[in-house]
Amino acid sequence: MNISEWIQVAVLALIQGLSEFLPISSSAHLILPAQLLNWQDQGLAFDVGVHLGTLCAVLVYFRQDLQQMFVAWIASIQGRHSPNGTLSWLVILGTVPAVIAGALFVDLVETWGRSILVIAGTTLVFAAVMAWADLKRTERRDITHIGIKDAIWIGLAQAMSLIPGTSRSGATITVALMLGFDRASAARFSFLLSIPVTLGACVMMATRITSGQSVMPLEMLLAGAVIAGISAWTCIHLFLKWIARIGMMPFVIYRLVLGVILLLIYFKLPVMS
């Protein structure tokens, strides 16, 4: 293990933690080090580690909400309904489209969706969609007003984010804004919706690790998970604190710049003049 390998682990884990919950697309960012610095893929075990780190971050951040939701969900099964119980069922309902899409299209996406051109295109297109949704938002509803149709639409947006470059949080927050929810509620429901999907992604990736596959040292995996988790927790905290004030436009501008850089890389043009 040399210093360059540790640097790669730290940088990639930091990118994963910061980009997982921001509406900027983690896949678009993770492709840049490989293209610009010629870094090798760290492998499925590393992917599992950093995703577990981000999962722990969102679980810790929303631990009180999740505890209340779980207790209320159990009570709802017994016939005692409450807003938190309803929210729990809506998170479950919103997860279903992503589960179906993942089962049907994951191989197709991995075959053609990792192209830099595809990621650049989706990064730019959804930047425009995010801008439109943020500018046209009405913010007439909060998270307590989410209904079955809302959960399905937001869940379909999450399923669509299976396409690299889309951004899971970007897609779900954008659709929630289109449905009339305020920015903070849109972001909060998006983060809650990420929990079962991230857990499912970890399980799926873990099952694909073969016994003969090269796995990086345990201390590197743990370091990657910790870095991803701390950066993800910080990202969630700051995003929820600032989203009502700053809106989506800073991320729209960032995505436009990123998309152009990816196009320059794809067409082998100078990234910087």
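How far is the sulfur of Cys 235 from the closest cysteine sulfur, and in which residue does that closest sulfur lie? In this predicted model, the closest cysteine sulfur to that of Cys 235 belongs to Cys 56 and lies 16 Å away, which is too far for a bond. Cys 235 itself is buried, with a relative accessible area of 7%. The count of disulfides comes to 0. Cys 56 accordingly takes part in no disulfide, the nearest cysteine sulfur being that of Cys 202 at 8.6 Å. Cys 56 counts as partly exposed because its relative accessibility is 45%.

The structure contains 9 aromatic pairs. In one of these, the ring centres of Phe 21 and Phe 191 are 5.5 Å apart and the ring planes stand at 90°, so the arrangement is edge-to-face. This pair connects distant parts of the chain, since Phe 21 is located in the loop between α1 (3-19) and α2 (26-37) while Phe 191 belongs to helix α9, 170 residues apart. Both Phe 21 and Phe 191 are buried. Phe 191 also pairs with Phe 62: their ring centres are separated by 6.4 Å and their planes meet at 50°, so this pair is classed as tilted. Phe 62 is found in the loop between α3 (44-61) and α4, and Phe 191 in helix α9, so the pair ties together parts 129 residues apart in sequence. Phe 62 counts as buried, with a relative accessibility of 0%, and the value for Phe 191 is likewise 0%. A single aromatic cluster is formed by Phe 21, Tyr 61, Phe 62, Phe 191, Trp 233, Phe 239 and Phe 251.

Helix α4 comprises 15 residues, 63-77. The distance from its first C-alpha to its last is 21 Å, close to the 21 Å expected at 1.5 Å a residue. The buried residues of α4 are Met 69, Ala 72, Ala 75 and Ser 76. These residues lie on the same side of α4 because they cover an arc of only 125° around the axis. An α-helix has 3.6 residues a turn, so residues three or four places apart point the same way. The other side of α4 carries the exposed residues Arg 63, Gln 67, Phe 70, Val 71 and Ile 77. The elements that cover the buried residues of α4 include α5 (83-112) and α9 (183-207). Just after α4, Gly 79 adopts a positive phi of about 95°.

Key
Residues numbered from 1 in each chain as written. Predicted model: local features only at pLDDT ≥ 70, side-chain atom pairs only at ≥ 80, totals over all residues. Heavy atoms only, no water. Helix = DSSP H or I, 4+ residues; strand = E, 2+ residues; numbered from the N terminus. Expected span 1.5 Å × (residues − 1). Buried < 20%, exposed > 50% of the residue type's maximum accessible area, 1.4 Å probe, protein only. Arc of directions from axis to C-beta. Contact = heavy atoms within 4.5 Å. Phe/Tyr/Trp six-rings, centres within 6.5 Å; stacked < 30°, edge-to-face > 60°. Disulfide = S-S within 2.5 Å.
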